[in-house]
Amino acid sequence: MLRGWGGYGATDGRFLEPFDIAVAPDGTVSVVDDRRDDIQQFASDGTWVRTLGRHGTGPGELNFTASIAVDADGGVLNADWDNHRVQS
């Protein structure tokens with residue numbers, strides 16, 4: 001079965017340029033958005049849960065964010081390209 005959610009936009013639950021996706025062991029879906037410079041998390045049914053990060057250079061902030069992965073404990077790892085780091 002295919003499932004979809006979101007749409008174009010800058011508000012929570014929507015996307016400007018979704019770049020990568022990862023699914024946690026509990027079914028939580030994390031989507032990194034390259035233009036919004038954030039990571040949105042959704043329940044397995046597509047319900048928006050929370051947004052992680054925002055544009056910037058400080059801890060927890062993202063700048064030209066890219067690939068995402070989720071570890072066995074559900075921790076999110078993100079390649080934060082223009083900040084030259086990986087954040088978790």
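Asparagine 78 lies in strand β6, which spans residues 76-80, and aspartate 80 has its place in strand β6 as well; strands here are DSSP runs (E, at least two residues), numbered from the N terminus. The model is predicted, so that local features need pLDDT of at least 70 and side-chain atom pairs count only at pLDDT 80 or more, while totals for chains, interfaces and linings use all residues. Residues are numbered from 1 along each chain as its sequence is written, and side-chain values use heavy atoms, with hydrogens and water left out.

**Asparagine 78**
- Asparagine 78 is buried, with a relative accessible area of 1%, where buried means under 20% relative accessible area (1.4 Å probe, protein chains only).
- Its side chain makes a polar contact of 2.5 Å with the side chain of threonine 65, a polar contact being a pair of N or O atoms within 3.5 Å, of which, within protein, one must be able to donate a hydrogen and the other to accept it, and residues adjacent in sequence count only if both atoms are side-chain atoms.
- Beyond its neighbours within four places in sequence, asparagine 78 is in contact with residues including Val32, Ile39, Leu62 and Val86, contact meaning heavy atoms within 4.5 Å.

**Aspartate 80**
- Aspartate 80 is buried, with a relative accessible area of 1%.
- A polar atom of the aspartate 80 side chain lies 2.8 Å from the backbone nitrogen of asparagine 63, and the side chain of aspartate 80 also makes a polar contact with that of glutamine 87, at 3.0 Å.
- With neighbours within four places in sequence left aside, the contacts of aspartate 80 include Glu61, Phe64 and Arg85.

Definitions and conventions: Helix = DSSP H or I, 4+ residues; strand = E, 2+ residues; numbered from the N terminus. Buried < 20%, exposed > 50% of the residue type's maximum accessible area, 1.4 Å probe, protein only.
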